[in-house]
Amino acid sequence: MPEKAPFYITTAISYPNGVPHIGHAYEAIATDAIARFMRLDGYDVYFLTGTDEHGQKMQQTAAKLGLTARQLRDQNVPAFEKMVQAMGCSNDDFIHTTEERHYRASEELWRRMEKNGDIYLDKYAGWYSVRDEAYYAEDETHLNEHKVRLASKTGTPVEWVEEESYFFKLSAYQDKLLKLYADVPDFVLPKERLNEVASFVKGGLKDLSLSRTTFDWGIPVPGNPKHIMYVWVDALTNYITGVGFPDDSSEQFKRYWPAALHVIGKDIVRFHAVYWPAFLMSAGVAVPKRIFSHGFLFNRGEKMSKSVGNVVDPFTLAETFGVDQLRYFFMREVPFGQDGNYSYEAIANRINADLANDLGNLAQRSLSMVAKAFGGVLPEPGAFTAEDQTILAAADAMMDVAREHMKTQQLHHVLNAVWSVVADANRYFASEEPWAKAKTDPQRQGTILYVTAEVIRQVAILAQPFMPTSSGKFLDLLAVSADERGFEALAAGKRLPHGRQLPAPQGVFPRYVEPEADPNAAPEPKAEKPKKQKKQPKEPKPPTEPA
RNA sequence: GGCGGGGUAGCUCAGCUGGUUAGAGCGGCGGAAUCAUAAUCCGUAGGUCGGUGGUUCGAGUCCACUCCUCGCUACCA
């Protein structure tokens, strides 16, 4: 048996200063779909997700609640672990940045960067707004009529503050990073994101403040525990901690690093495409192969926010529609890499049309005919007609198309290709009219049913990464054994064996029916919402994805 | 302000290097069928391709200008 190629894939780690939201779930689902796809395609996949538990914001949020940072962490983190499970994720590990192994990894990465001469102690100075808790550059401030200096963006007063800080010589990595982007044109996908990053880097890089002395919830700097590592050093390091760093001679590390893919939100592209490779280059560790930036999800065109009252809990969505249905919706409806919209109607429409009607009903009508007319034994097909061959050829072509799209993580295109065959199969079934053949030509009826079952088999195998449980049910209905469900079962010449006794057909995707209007139970607020987000002044602190 | 994307049927979007009557899905409408989860199939939708002016035998598809919109423009993550 040939050696499996390794494929290390990660989500960003979530920042648990609140509860998991739909953005966290989306990223987990998408990453899981890719991980499952690659596994089924014969790769040795290692899939890591986790939580980023340090930082000033955790400490602040905790303080507001009268808790310690550690207590807040203990309170919030379990929900993230549960969420990943509830979304059906197949992660091999779940990392917490408060774990001992992660301290060791972060400290070692720091030491290596320091040893390479890229870390130096200096003063961080700038115009600091106490109210915004943020530094501003000189040109981001102005003097008002009373000669008081204000942050231009927020209008809050600023004062000159100097703070001792370690710095990373990011400026020394400008050319190396630009070379990386040139040498690996798919280093960041979608391409627009790489362009943005490249133009940022071309604009010149300043050294990066790498430590803080103003709070203590984090990893102390080796040799100078007054300083806490800048949380991004800590956070990014999770990716190598997860495969055994600092033991970089371990089998695990050698096997899986560099990562094949970091899946992240578009708001943190810079940290992953600029800082992270620079840190790694400095420490003499290989850089990841690819970073994929997904978009944001909007509820009816609006950013989720408490004031709008459209905060949607991923657990509730999964309970309402089913995990697999929810996964399918996000993977099919949202072009991966772009922003997307969702609403209860959109989800219901999509899963009813594609899952209940097109696929579920096709399976039900064909398999119940097998049960009725053939005693549940999949009939042996006769000679294939041109029509049979056409639909079979369409099914046989799916795998290559899917692999091609998966090379660039075009998940929605994978599903488009599969569901285009589902539509073909429905047309085939309708025009062949197997129900009319029961009396006139049972042999032909059997062939039509066999062909339909074979197409469903292929569809179900390819749908597994997206809807693991439901796809498994279809394969159960076809009596496909566990070792016949990998993508190698879609290789040329592989066909559903006839003559097997099939279990009694059961619906896999029930139609979603909106609960009767009940103001208390109705999941969807019926208030009219504008289609597009109204233009609003930019908030000083835009809501973000997990760090 | 600078750089980079977008503005195409009611909705979500395809339309590569310019070339016959501008496409898909969903929705809507009409019809067929009745094996099936009232699911499926067939037909239909006449949209100034943001606006104006150009280049060309010919332009959503190239150029200029213009309107609108989104993203990036570093140290909260």
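**The sheet and the RNA surface**

Author: H262, in β14, is the bridge partner of T10. The model is predicted: local features require pLDDT of at least 70 and side-chain atom pairs pLDDT 80 or more, whereas totals for chains, interfaces and linings use all residues. Residues are numbered from 1 along each chain as written, chains are lettered from A and ligands numbered from 1 in written order, and side-chain values use heavy atoms, without hydrogens or water.

Strands β1 (residues 6-11) and β14 (residues 261-265) run parallel and are joined by 3 bridges. Strands are DSSP runs of E with at least two residues, and helices runs of H or I with at least four, numbered from the N terminus. Two strands pair if DSSP finds at least two bridges between them. The open sheet has 6 strands in the order β3-β2-β1-β14-β15-β9, with parallel pairing. Its edge strands, β3 (93-96) and β9 (188-189), each pair on one side only. Helix α1 (residues 22-40) packs on this sheet and touches β1, β2 (44-51), β14 and β15 (291-294); contact means heavy atoms within 4.5 Å. The direction of α1 makes about 170° with that of β1, where axes are lines fitted to C-alpha atoms, for helices over the stretch in contact, and angles run from 0 to 180 degrees between N-to-C directions.

Sugar and phosphate make up 61% of the RNA strand B atoms that come within 4 Å of the protein.

Conventions:
A residue is near a molecule or strand if one of its heavy atoms lies within 4 Å of it.
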